[in-house]
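Please keep the sequence and the model open while you read.

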Amino acid sequence: MKLLQKLDPRTKIVLVLVISTLSILMNEVLWLAGLLAAAYLMLFLGGMKPGEVFPRLKRFLFLFVALLVIQSIFSPSGAPLITVGEIHLVTTGGVLKGIAVILRMLIIVTSAMMLLTSSPMELVLALIRFGVPYEIAFMVLMAIRFLPVLGEEVRDALTAIQLRGVKIKEIPLGQKIKVYTYIFMPVTASALLKAKKTAIAMEARAFRAFPRRSYLDELHLRGRDYAVMALALAAGLGCCSAYFLVR
């Protein structure tokens, strides 16, 4: 069994919170790169292969490039790299800030992948054991369940349009936006209908009838969970202290 799958979901949530918090507090590229390497190492030691990690990050490639360009333009500092007239479009400081933003997002996405080794119901139970009201935890579960459904409906709508002879990748940008506008309304209407049916089913099963409820499965923290959480908190405090001392 993979190492991450042996851990309690609460332990994974603590790991993700520690890594994400460090990525927000740190601004230096080298520190963020080291934190990203540590997050990757934890995934690989936990049994997740590179082939399972990198394909998930490809969908964010355009966003990363856009962030790099935006940070370079709107946060100019250092030596200019690309200049138009008297305006410095790209500077060394702007590029470094853009790289820092990209690394920060990679760290958050990579650390969140640790939660994929637990089922959605286990994550909901973990949130409830942390003191989160079960109504909010149930909303998280519904969001996790609904997002793949919405994605599938969008893909089905795009496939239906392509079967009618519309080549979305080849049409101009203005027409492409119009096509996506036509898709947005039926997908939204379908999502609202499914949400309504889900709400009726919840009411029929007396959702929120009692302030507390029981669950079929229970979570149990073991010795390794306490050890991993203590090590993660200690490492997080140590890295944070070292970062601010060095600065």
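Predicted model: local features only at pLDDT ≥ 70, side-chain atom pairs only at ≥ 80, totals over all residues.

Residues are numbered from 1 along each chain as its sequence is written, and side-chain values use heavy atoms, with hydrogens and water left out.

**The chain as a whole**

The chain holds 10 helices and two strands; helices (H or I, at least four residues) and strands (E, at least two) are DSSP runs numbered from the N terminus. Reading from the N terminus, the order is α-α-α-α-α-β-β-α-α-α-α-α. Of the 247 residues, 31% are buried, where buried means under 20% relative accessible area, exposed over 50%, and partly exposed in between (1.4 Å probe, protein chains only). The accessible surface is about 16,100 Å², and carbon and sulfur atoms account for 69% of that surface; such areas come from the Shrake-Rupley method with a 1.4 Å probe, and for residues only the protein chains shown count as cover. Among contacts (heavy atoms within 4.5 Å) between residues at least 6 apart in sequence, 69% join residues at least 24 apart.

**Two helices**

The expected span of a helix is 1.5 Å times one less than its number of residues.

| Helix | Residues | Length | End-to-end C-alpha distance | Expected span |
|---|---|---|---|---|
| α10 | 223-246 | 24 residues | 34 Å | 34 Å |

In α9, the buried residues are Val179, Ile183, Val187 and Ala191, and they pack against α8. Just after α9, Ala206 has a positive phi of about 60°. In α10, the buried residues are Asp225, Met229, Ala232, Gly236, Cys240 and Tyr243. Their packing partners are α2 (9-25) and α3 (29-45).

**The pockets**

Rolling a probe the size of a water molecule over the atoms shows where empty space is left. On a 1 Å grid over the protein atoms alone, a pocket is an open set of points with protein on both sides within 12 Å along at least five of seven lines, and lining residues have an atom within 4 Å of a point. Grid points are joined across faces, edges and corners, and a volume is the space filled by probe spheres set on the points.

The largest pocket has about 510 Å³ of space. Its lining has 22 residues, with Leu15, Ile19, Ala38, Met42 and Ala232 nearest the centre. Two or more lining residues come from each of α1 (3-6), α2, α3 and α10, and α3 gives the largest share, seven residues. What classes of residue form this lining? There are 19 nonpolar, three polar and no charged residues. Here Ala, Val, Leu, Ile, Met, Phe, Trp, Tyr, Cys and Pro count as nonpolar, Asp, Glu, Lys and Arg as charged, and the others, Gly among them, as polar.

The second largest pocket has a volume of about 360 Å³. Its lining includes Ala112, Leu123 and Ile144. Both α7 (120-129) and α8 (134-163) supply at least two lining residues, and α8 gives the most, with three. By class, this lining has eight nonpolar, two polar and no charged residues.

**One residue to look at**

Leu61 belongs to helix α5 (residues 61-74). Is Leu61 buried or exposed? Leu61 counts as exposed because its relative accessible area is 55%. The C-alpha atom of Leu61 is 9.7 Å from that of Ile102, 41 residues apart along the chain.

Definitions and conventions. 1 Å grid on protein atoms, 1.4 Å probe; cavity = no way out; pocket = protein on both sides within 12 Å on 5 of 7 lines; lining within 4 Å.
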